Amino acid sequence: MNFDWKTEYYRYRRYFFSLGKIGKTAPVRSFAWLSLTLFAIAFFAVMAIRPTLITIAKLNREIKDKKDASQKLQTKINAIVAAQALYARNLDHLPLLEEALPEKSEFPRLAFFFEENATASNVELKTLNFEKIGVSEKGSSSSSSTANSLYFSLNVAGDYAYLKDFTRRLETSRRILKIDSAAFSQVKKEEGWQLTLRVTGQASFSKNQVEPKPTQAPSQK
Amino acid sequence: MKKNYSQEIFIISILTLTITVLWVYLGIHFALQKSEKPALTPQETRILNPQLDESVFEELKARKI
């Protein structure tokens, strides 16, 4: 197939020459420039304006979050300063708390306390038992209620008034004691009947004390 | 019938600009809404209550050792 460019040129020459005239008309030029402007705006909006505005929005959001966090931290700081002042004011009272709720079980001190009170109340301390301490493993489900308690049981003998006084001393002790039960009973002796009181309860301490072997104090008879 | 291509291009450019503006608006809106991660953990924001019942000490003093 022969391609004669001269023949083709003469055929389509009028279109090439009229293209320039079309482009020079006012409506076409207006629409063309307006379209070009809108495309340029859209292009820069996508490529430049959008990332910039998003960055500004993120920074504004971050500033707002940081201001909120700063306010919360300031509130916390104020609370800590107030607590520090309170702690400094009550520093002398901390031994009282240590006596009321010691960190460890402190069962020797507790045993001494029972003996001392029995002597002061004029009753005879027959038996004193301390049961298991910290038997539950760390992280076990039942550790929260039982791991911080030292169970004890004691038997005292004496007159009713003295036993009552002994019980009152236990109830008003500085060490936190929870008396689970108190039971009176009478024992036949050679010289007559003797009134005994059996008390079971728990002494609290603050930290979990997990020991490999349960501690049991020797009975005092 | 003679087509006016310049008008069609103009309409397309208006649509393009509208979609672009909408896209930019949505981008800004979502950037303002979401926070990538909280500035503070709940542990850090937990406020210590500095209230203390100081009468407890007097009660403890009144109790015997």
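Here are some worked exercises on a predicted model with chains A and B.

Before you start, residues are numbered from 1 along each chain as its sequence is written, while chains are lettered from A and ligands numbered from 1 in the order in which they are written. Since we're on a predicted model, local features need pLDDT of at least 70, side-chain atom pairs count only at pLDDT 80 or more, and totals for chains, interfaces and linings use all residues.

**Exercise 1. Work out the strand order of the open sheet in chain A and find which strands stand at its edges.**

Step 1: Helices (H or I, at least four residues) and strands (E, at least two) are DSSP runs, numbered from the N terminus. Two strands pair if DSSP finds at least two bridges between them.

Step 2: read off the order. The 4 strands of chain A go β1-β2-β4-β3, with antiparallel pairing. At the edges you'll find β1 (124-130) and β3 (177-188) of chain A; each has a single partner strand, so one side of each has no neighbour in the sheet.

Step 3: check the turn. On average, neighbouring strands are turned by 15 degrees against each other, direction ignored. (Axes are lines fitted to C-alpha atoms, for helices over the stretch in contact, and angles run from 0 to 180 degrees between N-to-C directions.)

**Exercise 2. Trace the bridges that β4(A) makes with β2 and β3 of chain A.**

Step 1: take β2 of chain A (residues 149-157). It's joined to β4 of chain A (residues 193-204) by 9 bridges, and the two run antiparallel. Among the partners, V156(A) goes with L197(A), and S153(A) with T200(A).

Step 2: now β3(A). Here 11 bridges link β3(A) to β4(A), again an antiparallel pair. F184(A) stands opposite L197(A).

Step 3: look at the hairpin. There are 4 residues between β3(A) and β4(A), and G192(A) takes a positive phi near 145 degrees.

Step 4: count burial in β3(A). A residue is buried if 20 or more other C-beta atoms lie within 10 Å of its own, exposed if 12 or fewer, and partly exposed in between, with C-beta atoms placed from the backbone. Of the 12 residues of β3(A), 0 are buried, so the strand lies largely in the open.

**Exercise 3. Describe how α4(A) and α6(A) pack on the sheet and on each other.**

Step 1: place the helices. Contact means that two C-beta atoms, placed from the backbone, lie within 7 Å. Helix α4 (residues 107-121) of chain A touches β1, β2 and β4 of chain A, and its direction makes about 165 degrees with that of β1(A). Helix α6 (residues 160-171) of chain A lies across β2, β3 and β4 of chain A, at about 5 degrees to β4(A).

Step 2: compare the axes. Those of α4(A) and α6(A) come within 9 Å and cross at roughly 140 degrees.

Step 3: list the contact. From α4(A) come N117(A), A118(A), A120(A) and S121(A), and from α6(A) come Y162(A), D165(A), F166(A), R169(A) and L170(A). By class that's 5 nonpolar, 2 polar and 2 charged. (Ala, Val, Leu, Ile, Met, Phe, Trp, Tyr, Cys and Pro count as nonpolar, Asp, Glu, Lys and Arg as charged, and the others, Gly among them, as polar.)

Step 4: find the core. A nonpolar core is a set of buried Ala, Val, Leu, Ile, Met, Phe, Trp, Tyr and Cys residues joined through C-beta atoms within 7 Å. The largest one has 19 residues, and those with the most contacts inside it include F114(A), A118(A) and F166(A). α4, β1, β2, α6 and β4 of chain A each supply at least two of its residues.

**Exercise 4. Find what chain A brings to its contact with chain B.**

Step 1: count both sides. 38 residues of chain A meet 31 residues of chain B.

Step 2: α2 (26-89) and α3 (94-100) of chain A each supply at least two residues, and α2(A) gives the most, with 29. The classes are 22 nonpolar, 6 polar and 10 charged.

Step 3: turn to chain B. It has 3 helices and 0 strands, and buried residues make up 3% of its 65 residues.
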